[in-house]
Every structure is written in structure tokens, then in C-alpha cells.
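This briefing is for a reader who has not seen this structure before. Please look over the sequence and the model before reading on.

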Amino acid sequence: EPAARCPSARMSMKIDDIAAPLAAPRRSPWAAMARGIKGCCPACGTGRIYTGYLKVAHACTACGTELHHHRADDAPPYFTMVIVAHIIVGGMLTLERSYAPDSLVHMMIWVPLTIGLSLWLLPMVKGALIGLQWALRMHGFGDGPDPAAPDPIPAADAAPTGIERGR
């Protein structure tokens, strides 16, 4: 009796439990990221994803997809720094090995280029990450509630803070 010896063999699982998350239509991560890079809505590709430089719109004006619950957080700056650093360091090493210019020349070239590339790439990287989150149904972009979101604490049940206690 192999089933009696193996505790995992006694677990029962229904096929419906496995197939339920797969019932939603598949979203293409590459297409959503490409739309995000262009600053367009990851769902329709028509509406704008930003209302400002990095301020994400509450919802798409074309299709109504809610965009406010994205969680890009610190990932776009980190990815932008990695991309820019590879470009700048490669260029600096190539220029130094080829022409060996003065340090002032390096400063005049690479500091503005670093700032410019970072400012140019940051909205594209953030848009791509928002598109990826939408395609993978992360952080509220799915059909149901976000499982990663904490349960809200009702105001009546909330513990008083130091301010409320008069401290």
C-alpha cells in the first residue's frame, strides 16, 4: 500500500481547484510591456498610462481599465540604474581606451548623458513594469481581490495610537 506510506498521496485535490485560476483569458506579457514602454494602457494600447511625468492615471480614458493599484515601487529606478550604468561604463571604457581624454572631458560627456538617459528611460521602465503586472494579474489587476493586499482594519476595531491616547 504505497498510498498509506506517503502522506502526500492521501491529500485530495479537485481538478476544478487547479483549473479555476486558468479560466481567465491569457494576457500577453510582451505586448503589455511594449504598450507600457510607449506610455499606453496595457489593456487597450490606446489610452495614456500617465497623467504627468511618472504620475500613473487612475484609469485608462479609452477602455476604463483601473491603473491606480499598480505596485511598481522601487523597481523602475533600480532597473533604470542597471541599464544606464551598463551603457555609461561601456562608453567610458571605450572612450578612455581609444582616446584617453582629460577627466574634464569625461565629466562633460558622461554626467549629462547619465542624467538624460535616466530621465528618459525611467517612465518607459515603469510603464513596462505596470504592463507586466497587468498581464500577470498582479496587485489588483486580476478579476478578484488582490491576495497580497492586507485586510483593512475597521476603524472601530483599530488599536489607539499614541496620538489618540493623548501622548
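The model is predicted. Its protein chain has five helices and zero strands, so named by their DSSP runs. Two of the helices, α3 and α5, pack against each other.

**The chain as a whole**
- Read from the N terminus, the elements follow the order α-α-α-α-α.
- The protein chain has 167 residues, of which 26% are buried.
- Among contacts with a separation of 6 or more, 56% are between residues 24 or more positions apart.
- The protein chain has an accessible surface of about 11900 Å², and carbon and sulfur atoms account for 65% of that surface.

**Helices α3 and α5**
- Two packed helices are described by the angle between their axes and the distance between the axes.
- Helix α3 covers residues 29–37 and helix α5 covers residues 103–135; their angle is about 150 degrees and their axes are 7 Å apart.
- The crossing of α3 with α5 is right-handed.
- On the α3 side, the contact is made by Pro29, Ala32, Met33, Gly36 and Ile37.
- On the α5 side, the residues include Pro123, Met124, Gly127, Ala128 and Trp134.
- Of the residues in this contact, ten are nonpolar, three are polar and none is charged.

**His139**
- His139 is found in the segment after α5.
- His139 counts as buried because its relative accessible area is 19%, and the cut-off is under 20%.
- The side chains of His139 and Arg71 are joined by a polar contact of 3.3 Å.

Notes. Residues are numbered from 1 along each chain as its sequence is written. This is a predicted model: local features need pLDDT of at least 70, side-chain atom pairs count only at pLDDT 80 or more; totals for chains, interfaces and linings use all residues. Side-chain values use heavy atoms; hydrogens and water are left out. Axes are lines fitted to C-alpha atoms, for helices over the stretch in contact, and angles run from 0 to 180 degrees between N-to-C directions. Helices (H or I, at least four residues) and strands (E, at least two) are DSSP runs, numbered from the N terminus. A crossing is left-handed if the near helix is turned anticlockwise from the far one by less than a right angle, and right-handed if clockwise. Contact means heavy atoms within 4.5 Å. Ala, Val, Leu, Ile, Met, Phe, Trp, Tyr, Cys and Pro count as nonpolar, Asp, Glu, Lys and Arg as charged, and the others, Gly among them, as polar. Buried means under 20% relative accessible area, exposed over 50%, partly exposed in between (1.4 Å probe, protein chains only). A polar contact is a pair of N or O atoms within 3.5 Å; within protein, one must be able to donate a hydrogen and the other to accept it, and residues adjacent in sequence count only if both atoms are side-chain atoms. Accessible areas come from the Shrake-Rupley method with a 1.4 Å probe; for residues, only the protein chains shown count as cover.
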